[in-house]
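Hi everyone, thanks for having me. Have a look at the screen, and I'll walk you through what I've got.

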Amino acid sequence: MYHLRKLGNEILQEADKVIFLSETYKDKLINRFVKPKNRELISAKSYVIPSGIDEFWLNNVNSVKQLNSDKVIKLLQVGEISKRKNILTTVKSIELLKKNGYDVQFTVVGKIVDNDIYESIKKLDFIKYISPKPQNDLLEIYRENDIFVMPSITETFGLVYPEAMSQGLPLIYTRGQGFDGQLEDGKVGYSVDCDNPEQIAERIVDITKEYNQLSSNSIANCNRFSWNNIIDSYEKIYKVNKGD
């Protein structure tokens with residue numbers, strides 16, 4: 001909010017350390033809302049530490065997944081049915097894939113927030129809707145699918161992305177939003193323009209071509225979202241600041 005920017009800048013200047021959930025949001029805040037003369041100061045005392053996922057996922061890490069066929073793809077989204085989650089753009093990308101000979105099934109798990117969007121997708125034969133499920137059931141749903149696709153219009157962080165990683169799923173996520181920058185692009189999947197169904201479709205195809213490696217990378221990197229590791233990061237920052 002414009003009227004709070006002065007106060008926000010004062011808080012940032014007085015803070016000993018500033019923590020961001022992602023590199024993307026650190027860059028956005030510093031470059032858009034911090035006065036140019038203060039940007040170097042704020043940047044120097046800024047750290048990026050992600051949110052952690054429930055230990056349930058890290059205690060039940062899946063083995064590396066394989067595609068049975070690069071033409072048969074099971075996509076998954078776990079998140080509310082709302083405009084923000086951008087499911088209709090994902091649907092357009094699937095329709096493009098189907099026109100190019102791909103057999104695509106799309107499972108969507110989450111609370112119905114926008115009934116108009118739900119009504120639009122429920123009649124599509126390639127979509128399977130599942131109401132919100134507890135962790136044990138959700139674990140099996142992750143494992144039954146191949147690629148996690150959620151090009152949200154906005155996303156503060158998105159815990160479902162590392163949850164999917166723990167089950168060996170490569171990811172499609174939005175460029176410039178919360179999960180972008182957690183890992184280098186192409187490591188566990190790809191960032192996309194959330195308004196570009198053609199690009200989303202292309203990146204899904206790219207994932208099928210290197211599926212085993214991306215699945216392996218997802219599993220190998222999910223532990224960085226363990227709260228134990230994140231707590232260690234915070235402790236180091238506090239100790240340095242206290243001079244310990």
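So, which side chain meets that of Asp-206 in a salt bridge? It's Arg-203, at 2.9 Å from N to O. By salt bridge I mean a side-chain nitrogen of Lys or Arg within 4 Å of a carboxyl oxygen of Asp or Glu.

Before I go on, a word on where this comes from. This is a predicted model, where local features need pLDDT of at least 70 and side-chain atom pairs count only at pLDDT 80 or more, while totals for chains, interfaces and linings use all residues. Residues are numbered from 1 along each chain as its sequence is written, and side-chain values use heavy atoms, with hydrogens and water left out.

Back to our pair. Both Asp-206 and Arg-203 lie in helix α9, 3 residues apart, which is about one turn of the helix. Helices (H or I, at least four residues) and strands (E, at least two) are DSSP runs, numbered from the N terminus. Asp-206 is partly exposed at 23% relative accessibility, and Arg-203 is partly exposed too, at 24%. The cut-offs: buried is under 20% relative accessible area, exposed is over 50%, and partly exposed is in between, using a 1.4 Å probe and protein chains only.

There's also a network: Glu-80, Arg-84, Lys-85 and Glu-155 are joined by salt bridges that share partners. One of those links is Arg-84 with Glu-80, with the closest N and O atoms 4.0 Å apart.

Now over to helix α1. Lys-6 and Glu-10 both sit there, 4 residues apart, and their side chains form a salt bridge at 2.7 Å, N to O. Lys-6 is exposed at 60%, whereas Glu-10 is partly exposed at 36%. In total, the count comes to 7 salt bridges.

Next, the sheet. What order do the strands come in? There are 6 of them, running β5-β4-β3-β6-β7-β8 in an open sheet with parallel pairing; two strands pair if DSSP finds at least two bridges between them. β5 (127-130) and β8 (189-192) stand at the edges with a single partner strand each, so one side of each has no neighbour in the sheet.

And here's where α9 comes back: this helix, residues 197-209, packs on the sheet and touches β3, β6, β7 and β8. Touching means heavy atoms within 4.5 Å. The direction of α9 makes about 170° with that of β8; axes are lines fitted to C-alpha atoms, for helices over the stretch in contact, and angles run from 0 to 180 degrees between N-to-C directions.
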